[in-house]
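Could you walk me through this model, one part at a time?

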Amino acid sequence: MKPRNFDYVRPKSLPEALAVLQRHGPDAKIIAGGQSLVPILNMRLASPSILVDIGALHELRGISVENGMLRIGALTRHAQAEHSPEIRRHAPLFAKAIPYIAHPAIRNRGTIGGSIALADPAAELPACLLALDGEVEIANIKGTHTVKAGDFFKDLYETALNPGDVLIAIRLPQAPKARVGFAELARRHGDYAMAGLAACQEDGKVRLAFFGVASTPIRAKHAEAAISKSIEQAVSALDRDLDPPDDLHSSGAVKKHLAKTLLRRIAGDLQ
Amino acid sequence: MSTIDISLIVNGENVQQTVEARKTLVDFLREDLGLTGSHVGCEHGVCGACTVRVDGEIVRGCLVLAVQCEDTIVETIEGVSDTGEIAALQDAFQRRNALQCGYCTPGILLTAQELLKSGSAKNRETIRQYMSGNYCRCTGYQAIIDAVEAVAQMHGSKP
């Protein structure tokens, strides 16, 4: 048994969960699927005094289309999203990206909300949310509010979520005419990406969201502006957009090379 | 030390136990219930040796807390062996030498069975991709893919 000792509660409703989180402040951690949190606990990188399991909150389930937006409840598991006809139809970028997330046993447990809330810089879905210009619904004891993806990812594992907040859903604008592209490079299928790219083109406007190359998922705005001229100009513009740090698996220079390769690979999908 | 009472069904039997909140499902199965067929490898979700089923779906036993399994149905390699559900797969693994030390085998069998049940074991590439989350340090994987492919073909991709 590897984690430090902690208390555990499984609230039955969102108000109950919000009250518990309010009471414990930064000492509490939320657990949903646990596929990132449990390794963090096992390695003792975090030692919360209490885990608040939001798995029983039915308010956080379900996929629906509301007011021109696809709304995906935070507790939607990756495997459910992978097989959801609504997501395939209204968010094909998510449908393309999800098979790259880890492995089947992990997709059976891990949740969409958990992936966005953790904001791992090498994870697929935060970049997809950014590429689609989606938004995040957040609840706390005072009420609910919405944060645009562009304002949500602040820094390494740092988001607009504060202690006491629960991410309850994400919303993606419906864009029937959009073209999307997704690619990533990893040592083994399902591992975290060494570099990845989620992209969307709508009415000639392109959004390129790279992951695994910065402390957050990151928009390549110079490349976005240059891509209407030529793919090679967009590739060169990445020198101004990206300055990837070295990590255990590859140097920053390799990551930048891979990012350029990815852009060349998917540029055709956006036309 | 925080402990919590849980009740669940493991391999068809009702189980009621008091567990530490921090105990993972695989440790609970091995240490408290003596079901040592599920193995503990990396303990952070990489190797797949601890694969078990919760409510019919495979999960990493090291990435699920026992307390999260309240009111669930858990199945381990012991359970699915006893029911005969994976007999064809076990037979194919034996015939094709798809195991040597056997440490990864319980997890590999449960993962392969989920793929076969889904009916999407179309070719070696699909099998390879589905099995990519389970490490084997002995066989070099070829024999494992052979065995899974053989069962898929035998049953027209249905177990």
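Domain bounds here come from an automatic or database domain assignment. This is a predicted model, in which local features need pLDDT of at least 70 and side-chain atom pairs count only at pLDDT 80 or more, while totals for chains, interfaces and linings use all residues. Residues are numbered from 1 along each chain as its sequence is written, and chains are lettered from A and ligands numbered from 1 in the order in which they are written.

Let us begin with chain A. Its assignment gives domain 1 (7-53), domain 2 (58-172) and domain 3 (179-270). Taken over C-alpha atoms, the centres of domain 1 of chain A and domain 3 of chain A are separated by 34 Å.

Next comes a sheet in chain A. Helices (H or I, at least four residues) and strands (E, at least two) are DSSP runs, numbered from the N terminus, and two strands pair if DSSP finds at least two bridges between them. Five strands of chain A make an open sheet with antiparallel pairing, in the order 4-5-10-6-7. Strand 4 (63-66) and strand 7 (143-148) of chain A are at the edges and have a single partner strand each, so one side of each lacks a neighbour in the sheet. From one strand to the next, the twist averages 25°, where axes are lines fitted to C-alpha atoms, for helices over the stretch in contact, and angles run from 0 to 180 degrees between N-to-C directions. Within this sheet, strand 6 (residues 135-140) and strand 10 (residues 166-173) of chain A pair in the antiparallel sense over five bridges. Look for Glu137(A), whose bridge partner in strand 10 of chain A is Ala169(A).

Now for helix 8 of chain A. A residue is buried if 20 or more other C-beta atoms lie within 10 Å of its own, exposed if 12 or fewer, and partly exposed in between, with C-beta atoms placed from the backbone. Eight of the eight residues of helix 8 (residues 124-131) of chain A are buried, so this helix is largely enclosed by the rest of the structure. Among them are Glu124(A), Pro126(A), Cys128(A) and Ala131(A). After helix 8 of chain A comes Asp133(A), with a positive phi near 55°.

Cys128(A) and Ala131(A) turn up again in the largest nonpolar core, where they are among the residues with the most contacts inside it. Such a core is a set of buried Ala, Val, Leu, Ile, Met, Phe, Trp, Tyr and Cys residues joined through C-beta atoms within 7 Å, and this one has 139 residues. Which residues does Ala198(A) touch, not counting those up to four places away in sequence? Its partners include Leu93(A), Ala127(A), Cys128(A), Ala131(A) and Phe182(A); two residues are in contact if their C-beta atoms, placed from the backbone, lie within 7 Å.

Arg88(A) counts as partly exposed because it has 14 C-beta neighbours inside 10 Å.

Finally, see where the chains meet. The contact draws 25 residues from chain A and 27 residues from chain B. On the chain A side, strand 1 (7-9), helix 2 (37-42) and helix 6 (104-107) each supply at least two residues. That side divides into 11 nonpolar, nine polar and five charged residues; Ala, Val, Leu, Ile, Met, Phe, Trp, Tyr, Cys and Pro count as nonpolar, Asp, Glu, Lys and Arg as charged, and the others, Gly among them, as polar.
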